[in-house]
Amino acid sequence: MFKKIMKSGSRKTSRTEANDPSMFGFDPPGRSGLGSNMVVNHASRGSPIPSSPGSMAATQLPPMYSVEPLPLFRDVPVPERQSLFLRKLQICCFQFDFTDTLKNAREKEIKRQTLLELVDFIQSGSGKINEACQEEMVKMISVNIFRCLPPASHENTGQEPADPEEEEPYLEPSWPHLQLVYELLLRYVVPSDTDTKVAKRYIDHSFVLKLLELFETEDPREREYLKTILHRIYGKFMVHRPFIRKGINNIFYRFIYETERHSGIGELLEILGSIINGFALPMKEEHKLFLIRALIPLHKPKPIAMYHQQLSYCIVQFVEKDYKLADTVIRGLLKFWPVTNCTKEVLFLGELEEVLEATQTVEFQRCMVPLFQQIARCLNSSHFQVAERALFLWNNEHIVGLIAQNRSVILPIIFASLEKNIESHWNQAVHGLSSNIKRMFMEMDPELFEESQQQYEEKQAKSREVEEQRQSRWRRLDEAVEDRERLGEEDHMITS
């Protein structure tokens with residue numbers, strides 16, 4: 001029995017060798033040796049059910065081992081178009097080496113033209129494709145887009161990763177084909193006449209998960225397509241919504257606590273901004289946990305400038321949806337407030353202004369003491385942009401209204417910082433803005449201003465007194481040391 005099995009295996013190998021793809025310079029569809037490409041394993045799908053006798057015949061087409069042009073859809077009778085559709089899908093499953101532009105140029109062009117025909121056929125709606133064709137189409141799309149991404153540029157050299165803003169974006173060499181494959185997927189997902197019950201058998205959790213993994217691509221054109229497609233899938237397939245949110249959550253965790261390197265954080269946050277905007281009220285607890293555990297910690301990584309605009313939008317959306325979250329968000333910002341990164345600090349101050357604009361009085365009062373202690377530190381920053389951005393908070397009428405209601409607590413906290421800026425800050429703009437704010441408080445509440453000024457002067461006097469005592473102690477210590485040295489020299493002279 002063992003010998004029979006071995007003989008059977010050797011016969012199968014010889015047939016495979018007879019159709020060696022290396023003779024053509026590409027891999028035929030349906031083979032396991034597709035290089036780095038992965039075919040989606042649709043675990044949730046049962047055995048395919050043909051929708052018509054014609055589709056049964058179409059699913060049994062023999063595999064193609066060469067890339068040759070096929071007739072146009074308009075040149076064949078309508079009953080044969082499903083079979084032709086499958087043939088064209090088979091051509092589009094062939095993989096080519098795009099690092100060499102001259103290699104297989106004819107076959108590449110045939111595949112590109114075939115992809116264009118498929119996109120036009122789906123977009124025109126001239127023929128509704130059956131379930132078997134939908135399954136094969138998703139398989140073809142999977143073969144093309146699900147692949148091992150090249151390593152990031154810094155991984156090739158072993159050097160420290162450079163600033164992503166200064167790096168040239170990587171452009172996928174196979175984009176002329178990939179773009180058409182993504183366009184085909186988009187045209188399949190978007191139309192209202194696409195049967196969701198049928199499509200979800202093929203656009204399943206495995207497919208969605210691999211789409212999420214592709215957001216790590218460095219090609220911005222591919223990320224833009226992925227963003228649009230995933231957003232459409234989220235809107236169309238309700239069954240996938242919790243899974244997509246969880247998948248994005250896991251990507252954020254890995255980025256925050258492990259790698260701090262991911263190209264698609266901004267695009268994922270753009271999708272989330274739209275999702276958060278559609279949250280129903282009262283907000284579910286899982287959404288609030290997502291804010292606390294994933295979105296707020298996204299302020300921690302160094303490359304925050306790459307995605308801060310989208311992150312800020314998501315954060316503000318939460319506060320606008322539920323104003324009670326303002327205290328949680330502001331305390332979260334204070335927790336991750338940068339210490340030595342001035343550029344990041346300016347971003348935080350801009351986001352803080354947007355959050356405060358959506359904050360109500362009760363939530364403001366809960367966090368105003370630690371908040372204005374941090375703002376006071378920013379006012380005295382030697383980096384003029386940080387100090388200036390903190391002073392610009394007083395240009396916002398809503399924030400000024402909150403400050404005015406709670407001036408008895410806030411003015412004593414920031415008074416010293418304003419005085420220090422007026423007395424000694426090197427930047428004239430900071431000096432002038434500090435004077436304006438001081439005048440604003442003076443007009444707002446003269447009694448409170450005088451009291452705060454008196455307290456400040458008392459603290460300054462006490463501080464000078466403490467400094468004088470410290471200097472006096474040092475002088476006495478110096479004198480004691482000098483006396484001891486002098487006595488030591490006299491004793492030495494006497495003994496000698």
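Q: Where is E260 placed in this predicted model?
A: E260 sits in the loop between α11 (241–259) and α12.

Q: Why does E260 count as partly exposed?
A: The relative accessibility of E260 is 28%.

Q: Which value does phi of N104 take, and where is N104 found?
A: Phi of N104 is likewise positive, near 55°, and N104 is not a glycine. N104 is found in the loop between α3 (81–92) and α4.

Q: Why is N104 called buried?
A: N104 has a relative accessible area of 13%. Buried means under 20%, and N104 is therefore buried.

Q: What makes the peptide bond from L281 to P282 cis?
A: Omega of the bond from L281 to P282 is near 0°. Most peptide bonds are trans. P282 lies in the loop between α12 (265–277) and α13 (285–295).

Q: Why is the contact between E107 and R106 called a salt bridge?
A: The N to O distance between the side chains of E107 and R106 is 3.9 Å. A salt bridge requires a side-chain nitrogen of Lys or Arg within 4 Å of a carboxyl oxygen of Asp or Glu, so the pair E107 and R106 qualifies. Of the two partners, E107 is buried at 17% relative accessible area, whereas R106 is partly exposed at 44%.

Q: Which residues are linked with R106 and E107 in a network of salt bridges?
A: E68 is linked with R106 and E107 in this network. The structure holds 22 salt bridges.

Q: How do you know that R187 and E183 are separated by about one helical turn?
A: R187 and E183 are 4 residues apart in helix α7 (residues 175–189), which means a separation of about one helical turn. Their side chains meet in a salt bridge with an N to O distance of 2.7 Å. R187 is partly exposed at 28% relative accessibility, while E183 is buried at 15%.

Q: What makes E224 and K227 a salt bridge?
A: The closest N and O atoms of E224 and K227 are 2.8 Å apart, and the cut-off is 4 Å; the pair therefore meets the criterion. E224 and K227 are 3 residues apart in helix α10 (residues 220–236), about one helical turn. K227 is buried, with a relative accessible area of 13%, and E224 is partly exposed at 39%.

Q: Why is the link between S417 and N380 called a polar contact?
A: The side chains of S417 and N380 approach to 3.0 Å. S417 lies in helix α20 (residues 407–424) and is buried, at 6% relative accessibility.

Q: Is E489 buried or exposed?
A: E489 has a relative accessible area of 54%. Exposed means over 50%, so E489 is exposed. E489 is found in helix α22 (residues 446–495).

Q: Which residues gather with E489 in a patch of negative charge on the surface?
A: D478, E479, E482, E485, E490 and D491 gather there with E489.

Notes. Residues are numbered from 1 along each chain as its sequence is written. This is a predicted model: local features need pLDDT of at least 70, side-chain atom pairs count only at pLDDT 80 or more; totals for chains, interfaces and linings use all residues. Side-chain values use heavy atoms; hydrogens and water are left out. Patches are made of residues with over 30% relative accessible area and no salt bridge: like charges are joined within 9 Å, nonpolar side chains (Val, Leu, Ile, Met, Phe, Trp, Tyr) within 5 Å. Accessible areas come from the Shrake-Rupley method with a 1.4 Å probe; for residues, only the protein chains shown count as cover. Lys and Arg count as positive and Asp and Glu as negative; His and the chain ends are not counted. The place of a charge is taken as NZ of Lys, CZ of Arg, CG of Asp or CD of Glu. Helices (H or I, at least four residues) and strands (E, at least two) are DSSP runs, numbered from the N terminus. Buried means under 20% relative accessible area, exposed over 50%, partly exposed in between (1.4 Å probe, protein chains only). A polar contact is a pair of N or O atoms within 3.5 Å; within protein, one must be able to donate a hydrogen and the other to accept it, and residues adjacent in sequence count only if both atoms are side-chain atoms.
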